[in-house]
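Hi everyone, thanks for making time this morning. I'd like to walk you through a few local details, so let me put the sequence and structure up for you.

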Protein chains: 2
Amino acid sequence: MEKPYVIGIDIGGTNTVFGVVDARGTILYSGSIKTGHYDDINDYVKALGDGLQNVINSAGGKDKIKGIGVGAPNGNYFNGCIEFAPNLPWKGKIPLAQMISDQTGGIPVTLTNDANAAAIGEMTYGAARGLKDFIVITLGTGVGSGIVIGGNLVYGHDGFAGELGHVIVRRENGRLCGCGRHGCLEAYASATGVARTACELLMTRTEESLLRELEPDKITSKDVYDAAVKGDKLSQEIFETTGAILGEAFADFVAFSSPEAIILFGGLTKAGQLLMEPVKRSMEAHMLKVFQNKTRLLFSQLKESDAAVLGASALGWEVKEEL
Amino acid sequence: MEKPYVIGIDIGGTNTVFGVVDARGTILYSGSIKTGHYDDINDYVKALGDGLQNVINSAGGKDKIKGIGVGAPNGNYFNGCIEFAPNLPWKGKIPLAQMISDQTGGIPVTLTNDANAAAIGEMTYGAARGLKDFIVITLGTGVGSGIVIGGNLVYGHDGFAGELGHVIVRRENGRLCGCGRHGCLEAYASATGVARTACELLMTRTEESLLRELEPDKITSKDVYDAAVKGDKLSQEIFETTGAILGEAFADFVAFSSPEAIILFGGLTKAGQLLMEPVKRSMEAHMLKVFQNKTRLLFSQLKESDAAVLGASALGWEVKEEL
């Protein structure tokens, strides 16, 4: 009998969340541990193994589990390692897929970065079901991407393809990005980028704004959203500007792979049409003629609280190809 | 017995060149007709059919021909049509693959644009033999690209993917491009772009240059090359500037698909290291850290006079998949 479940593990800097998932994308049993509590990777894997054992038992034992998928920052699909992840406690190259497989008595484990996991999640359970050519853009603290071409995730020759948060959208006087370069999309279109745009506009402009009641350094993208919904013009302009830059970048992405859809995923998508509408307008305005009005813009259809675990779990259905 | 030959047809605005090619990439028999002489597509296909019949007879008859590949501007792989090609005499959507197949008694015909044909040519006979992930950039009158990921050419959902000449490299005060937008890579890194850079530098600068002996409007990229080789500093700077912009763009392309190699193809590559050296320097300087010093820059290995026909012919080895 075909094994009916997979496990998804989402590793973040603060929490590691995991769950047993069925073929329809329902999370049946779940758990979590604190990533940051384990300075030694061996202690972490042991604690994770204990947590996994609980949900595996609830699901009826490991014979019910087809595979485990892991979404992790700097995760390399080709070798199953986390490589030099700046926001995780462990240094260097960690063969995490192998370690988790060993800890769970040999369940096959596949690992990739969180944005790629999101793309596979959308294809398996979400907005990209039935699509062969699409790009998922994750808009959170940073900007990430998972690119699917001809039904396959693009890993590139080294496993690190799809860093669309780090294409350059402003070559002159571009903002400093966390990667050390200037003008990256991530420096403008992430939650942090929105907050930076807010600070800049508050400093360079004089009109009234609800945002002026807050300490500039502590403004978050949520504050900007709340103010925009209340009709604050400056806050609406911040989403307009952010959307315009995203749209410019998307027009270039379309010139690369001509996807059927671009799917927006992650915290910033809570802004809804406040963000989507200017993205769409800007993307079409900047598009090469041959591509105009062909590429759909969609929101993720994965329930936000579950999205990361679902995305990772979708990898568990893949039988990893030998290279 | 496996059929031993394919035919490549390269359709340009001026000439249509074709040839019978063997598995090693040797052109055995070739011919050409004047594209511009035929305002009616039916007359063109008939004349082309006569020319093809000659080379097919020389090769021992049509049973020796496995397939015909066509490289044409605005050629759509999915439907075998040339669609609204601005530099060809025929308007609208022309089902050329079907027409050529009918004219040659049913030989299967596959069609794509010229840059995609170049990429398949490099993979079959040239610098990309054995590579699964690479990008060919064609530097001619315009800038085109053929993108290969996981051993497959990227066509996108509509057949038009890979328009990397039209990503935006200068968002502020960008040059007007032939596509009607501003700041495209093609406006800077094509042969025409090099000539425009020459004009600009001659106008805005005062130092001596061999180029000042020429009429500014008539300077070609070859003039710039000839002067640069003779030690002309301004001409060397033009290649430096062109290479720098190409390198910036390449760093973004690598963030997308992380290719093992980027292969330069076309007329402008005659500039050799004058162009390659600044491209490489700029690409590495602008690269996201994770990709640094991983992607090779190569020149095409197809003999220039044969490259277009070879590239197109390589499609003839493909059995077109049903969609």
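Let's start with a side-chain pair: in this predicted model, the side chains of Ser313(A) and Tyr125(A) make a polar contact at 3.0 Å. Ser313(A) sits in helix α9 of chain A, which runs over residues 304-316. Is this serine buried or exposed? Its relative accessible area is 0%, so Ser313(A) is buried. And what does Ser313(A) touch, once we set aside neighbours within four places in sequence? Besides Tyr125(A), its contacts are Val6(A), Ile7(A), Gly8(A), Val21(A) and Gly69(A).

Next, the empty space inside. Rolling a probe the size of a water molecule over the atoms shows where such space is left. How many cavities of 30 Å³ or more are there? The count comes to three.

The largest cavity holds about 160 Å³ of space. Its lining has 17 residues, and those nearest the centre are Val167(A), Asp252(A) and Phe253(A), along with Val167(B) and Asp252(B). If you follow helix α7 (233-257) in chain A and then α7 in chain B, each of them supplies at least two residues of that lining. What is the lining made of? You'll find 13 nonpolar residues and four charged ones, with no polar residues.

Now look at the second largest cavity, with a volume of about 60 Å³. From chain A the lining has Val169(A), Arg170(A), Arg171(A) and Glu172(A), and from chain B it has Val169(B), Arg170(B), Arg171(B) and Glu172(B).

Last stop: backbone angles in chain B. Most residues other than glycine have a negative phi. Asn74(B), although not a glycine, has a positive phi of about 60°. You can find Asn74(B) in the loop that links β4 (65-71) to β5 (75-76) of chain B. Because its relative accessibility is 30%, Asn74(B) counts as partly exposed.

Ser258(B) is also not a glycine, and its phi is positive too, at about 40°. This serine belongs to the loop between α7 (233-257) and β12 (261-265) of chain B. Is Ser258(B) buried or exposed? With a relative accessibility of 1%, Ser258(B) counts as buried.

That's my tour, and I'm happy to go back to any of these spots on the screen.

Technical notes: Residues numbered from 1 in each chain as written. Chains lettered and ligands numbered in written order. Predicted model: local features only at pLDDT ≥ 70, side-chain atom pairs only at ≥ 80, totals over all residues. Heavy atoms only, no water. Helix = DSSP H or I, 4+ residues; strand = E, 2+ residues; numbered from the N terminus. Buried < 20%, exposed > 50% of the residue type's maximum accessible area, 1.4 Å probe, protein only. 1 Å grid on protein atoms, 1.4 Å probe; cavity = no way out; pocket = protein on both sides within 12 Å on 5 of 7 lines; lining within 4 Å. Points joined across faces, edges and corners; volume = space filled by probe spheres on them. Nonpolar A, V, L, I, M, F, W, Y, C, P; charged D, E, K, R; others polar. Polar contact = N/O pair within 3.5 Å; in protein donor to acceptor, adjacent residues only side chain to side chain. Contact = heavy atoms within 4.5 Å.
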